[in-house]
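Please look over the sequence and the model shown here before reading on. The report that follows takes up charged pairs, helices, surface and loop in turn.

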Amino acid sequence: IIGVVADTLDIALEKAPEPQFFIEGYSAREAFLVVRTVTGAPESLQKTVLNEIAAVDKDLPVLNVKTMERMVSDSLDSRRFQMAVLAAFAISALVLTAVGVFSAVARSVARRTPEIGIRIALGAQWGNIIRLVIGDGMKPVLLGLLGGLIGALAVTRVLVHQLFGISSVDSVTYLSVALILVFVALLACWLPARRATKIDPTEALRNE
């Protein structure tokens, strides 16, 4: 044994390195040459490296010359496409959630206009009405969020092999998504709640 090298992710980023060994003098139909640059951009040395190879054997074909950064980027193209599609679906779902919560709360406020008018007539303050409407609107959202988190924990067991550099139970990711959803739902509830505070008690009771 001449030496031991560090693990190398040469199959895929999400796959653990496999045991390998290098044999001195091994002859293959193709070989890979890796050049490490100390200073300057790697692209600037491409011509120099090709000239050095030609000086050894001018008939040796050299194909697929790339920087290491480009090779890693190319290996992630399919993964980027998958993530872009998932992100598009996630954004669409978030927009639909906001529209759905807003519509449901607005409809609830419209149906409870006489009740809210009576509350205001009896002395309910602006903050009381806001808490009433937002509280009722957020209850199903929080229940749905809890169910979604449980479902996500179950689904990530299937997707664990598609993840790289992140745990299937990454608390930061779950917390970030939950906070974004709660913020969007609160905003969707706030607009109808603000409208409810402007209900004229006299007009609401007269329509009733």
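## Salt bridges

Eight salt bridges are found when the whole structure is searched, a salt bridge being a side-chain nitrogen of Lys or Arg within 4 Å of a carboxyl oxygen of Asp or Glu. The model is a predicted one, in which local features need pLDDT of at least 70 and side-chain atom pairs count only at pLDDT 80 or more, whereas totals for chains, interfaces and linings use all residues. Residues are numbered from 1 along each chain as its sequence is written, and side-chain values use heavy atoms, with hydrogens and water left out.

One of these bridges joins Arg70 to Asp74, with 3.0 Å between the closest N and O atoms. Both residues belong to helix H2, where they stand four residues apart, about one turn of the helix; helices are DSSP runs of H or I with at least four residues, strands are runs of E with at least two, and both are numbered from the N terminus. An α-helix has 3.6 residues a turn, so residues three or four places apart point the same way. Arg70 is partly exposed at 48% relative accessibility, and Asp74 is partly exposed as well, at 25%. In these terms, buried means under 20% relative accessible area, exposed means over 50%, and partly exposed is what lies in between, with a 1.4 Å probe and protein chains only.

Arg112 is paired with Glu115 in a salt bridge whose closest N and O atoms are 2.8 Å apart. Arg112 counts as partly exposed at 21% relative accessibility, and Glu115 is partly exposed with a relative accessible area of 29%. In helix H5, Lys139 forms a salt bridge with Asp136, here with 4.0 Å between the closest N and O atoms; the two are three residues apart, about one turn of the helix. Lys139 is exposed, at 53% relative accessible area, while Asp136 is partly exposed, at 31%. Through shared partners, salt bridges join Arg112, Glu115, Arg119, Asp136 and Lys139 into one network.

Which residues does Leu132 touch, not counting residues up to four places away in sequence? They are Arg112, Glu115 and Arg119, where contact means heavy atoms within 4.5 Å. Leu132 lies in helix H5, which covers residues 126–159, and it is buried because its relative accessible area is 19%, under the 20% limit. Leu132 and Ile116 are 16 residues apart in sequence, and their C-alpha atoms are 9.4 Å apart in space.

## The chain as a whole

The chain has seven helices and zero strands, so that from the N terminus its elements run α-α-α-α-α-α-α. Of its 208 residues, 17% count as buried. Among contacts between residues at least 6 apart in sequence, 69% join residues at least 24 apart.

Helix H6 takes in 26 residues, 171–196, and should span 38 Å at 1.5 Å a residue, which agrees with the 37 Å between its end C-alpha atoms; the expected span is 1.5 Å times one less than the number of residues. A kink of about 25° lies at Trp190, shortly before the proline Pro192, the bend being the angle between axes fitted to the seven residues ending at a residue and the seven starting there. The buried residues of H6 include Tyr174, Leu181, Val184, Cys189 and Pro192.

Trp190 itself is partly exposed, with a relative accessible area of 30%. Together with Trp126, Phe183, Leu187 and Leu191, Trp190 makes a nonpolar surface patch of about 540 Å², to which H6 gives the most, with four residues. Patches are made of residues with over 30% relative accessible area and no salt bridge, like charges being joined within 9 Å and nonpolar side chains (Val, Leu, Ile, Met, Phe, Trp, Tyr) within 5 Å.

## The loop between H1 and H2

Thr67 sits in the loop between helix H1 (46–56) and helix H2 (68–75). Thr67 is buried, at 17% relative accessible area, and, leaving aside neighbours within four places in sequence, is in contact with Pro42 and Glu43.

Asn64 has its place in the loop between H1 and H2 too, but counts as exposed at 58% relative accessibility. The phi of Asn64 is near 55°, a positive value in a residue other than glycine.

Conventions
Accessible areas come from the Shrake-Rupley method with a 1.4 Å probe; for residues, only the protein chains shown count as cover.
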